[in-house]
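Thanks for coming. I have one structure to go through today, so please bring it up on your screens.

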Amino acid sequence: MFRYKKLGYVALNVTDLSRSVPFYRDLVGLQLNEQVEGGPAFFACSADHHNVVLHQGGEPGLKRVGWEMEQPDELDRLFEHLQKVGLNPVALSPEECRALRQQRTIRIKEPFSGLTFEFYEGQLERGSTYTPTVTKIARLGHVVLNVDRWPEAVKFFKETLNFRISDNVDGFIAFMRCFPNPYHHSLGIGNAAATRKEPGLNHVNFMVTDMDDIGCALTRVKRHDVPIVFGPGRHPPSGSIFLYFLDPDGMTLEYSYGMEEFPEERPRKARVLEARPESLDYWGNVPDPRFASTGRFEPASEG
Ligand SMILES: CC(C)C(=O)/C=C/C(C(=O)O)=C(/O)C(=O)O
Ligand SMILES: [Fe+2]
């Protein structure tokens with residue numbers, strides 16, 4: 001089977017780029033690396049060219065999710081495998097890859113969300129890296145999707161895309177790592193029906209470097225009247241300390257500090273946590289109704 005390096009980037013649709021660009025730069029603390037006039041804004045929180053891309057759209061949503069492979073030949077193995085299982089992978093042209101500042105890239109339509117999933121060798125080197133400002137973001141951590149047909153979707157990511165389950169909250173959410181990336185989850189698959197949410201984006205997570213980043217973020221978002229929709233608290237599954245807040249369109253973002261890491265060989269078994277409030281937060285918070293409620297999946301065919 002093929003091997004991943006990491007969750008590379010998420011592309012979001014926002015309804016007003018001129019409002020969201022300063023928010024993601026100045027409030028979230030991402031570095032704006034490139035914005036073509038009127039076009040998408042490319043942000044990073046690592047040496048990559050982009051870990052978040054904002055597109056102007058008619059409604060807020062998740063446009064695309066990109067995964068970086070461990071080595072170039074993993075992409076060939078993946079392409080062959082996706083062809084074999086009938087997912088019709090498409091290789092982007094060299095011009096398309098260049099426009100995205102990415103090396104060789106392939107795409108599929110992920111069957112349970114209808115989203116474009118992208119897999120690539122790497123991004124173009126920028127020669128300079130991310131300089132933290134308001135928050136020392138360590139990395140783009142994970143993206144959580146709310147889907148219908150939850151058991152089938154989890155099975156798909158495990159068996160077809162070689163993700164491993166780290167933990168489940170029984171019938172509600174599966175936390176998955178892109179093998180052999182060690183972090184507890186870089187993908188979460190939430191059960192839309194069980195959580196009484198529409199299918200769509202649940203949240204995008206940024207892992208931060210220390211506890212103070214969470215504390216300072218709390219002060220900062222309060223000062224700017226940014227809605228806090230869950231936390232601060234601590235998640236039982238990964239052990240992370242979290243703070244969830246809304247972007248200007250109401251999409252949910254998370255900062256988290258600390259996360260269990262798994263060895264490649266002989267990892268612990270996945271647990272099934274009871275679906276009760278204590279499984280969501282050791283500190284006893286419950287999410288605001290606005291939590292994970294905004295962000296439509298952009299169907300792959302819309303380009
Ligand atoms: C709110 C849920 C269901 C929960 O338990 C969250 C856990 C974690 C974690 O353990 O890190 C998340 O980050 C998450 O759901 O995204
Ligand atoms: Fe999360």
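Which residues of the largest nonpolar core touch the most other members? They are Val10, Leu12, Val52 and Ile189, out of 79 residues in that core. Strand β1, residues 4–14, is the biggest contributor, giving seven residues. Before going on, note that this is a predicted model.

Where does this core sit relative to domain 1 and domain 2? Domain 1 (4–120) and domain 2 (137–295) both give residues to the core, so the core lies between them.

Take Val52 as an example. Leaving aside residues up to four places away in sequence, Val52 touches Tyr9, Val10, Leu12, Tyr24, Leu30, Phe43 and Leu140.

Now the domains themselves. The domain assignment gives domain 1 as 4–120 and domain 2 as 137–295. Taken over C-alpha atoms, the centres of domain 1 and domain 2 are separated by 20 Å. The contact takes 28 residues from domain 1 and 33 residues from domain 2. On the side of domain 1 that touches domain 2, β1, α1 (17–27) and β5 (61–69) each supply at least two residues.

In an unreviewed entry, UniProt lists "domain: VOC" for residues 6–122 and 139–258. In the model, the chain over residues 6–122 is 26% helix and 38% strand, and its end C-alpha atoms are 10 Å apart. Over residues 139–258 the chain is 19% helix and 46% strand, with the end C-alpha atoms 12 Å apart.

Next, the ligand. Which residues come nearest to ligand 1? Of the 13 residues around ligand 1, the answer is His235, Pro237, Ser238, Ser240 and Leu280. What classes make up the shell around ligand 1? There are six nonpolar and seven polar residues, and no charged residues.

Is Asp73 buried or exposed? Asp73 counts as exposed, because it has 12 C-beta neighbours inside 10 Å, and the cut-off for exposed is 12 or fewer. Asp73 and Arg3 are 70 residues apart in sequence, yet in space they are 9.5 Å apart, C-alpha to C-alpha.

How values were computed: Residues numbered from 1 in each chain as written. Chains lettered and ligands numbered in written order. Predicted model: local features only at pLDDT ≥ 70, side-chain atom pairs only at ≥ 80, totals over all residues. Core = buried A, V, L, I, M, F, W, Y, C linked by C-beta atoms within 7 Å. Buried ≥ 20, exposed ≤ 12 C-beta atoms within 10 Å, placed from the backbone. Helix = DSSP H or I, 4+ residues; strand = E, 2+ residues; numbered from the N terminus. Domains from an automatic or database assignment. Contact = placed C-beta atoms within 7 Å. UniProt positions renumbered as here; feature names shortened; annotations may be inferred. Near = placed C-beta within 6 Å. Nonpolar A, V, L, I, M, F, W, Y, C, P; charged D, E, K, R; others polar.
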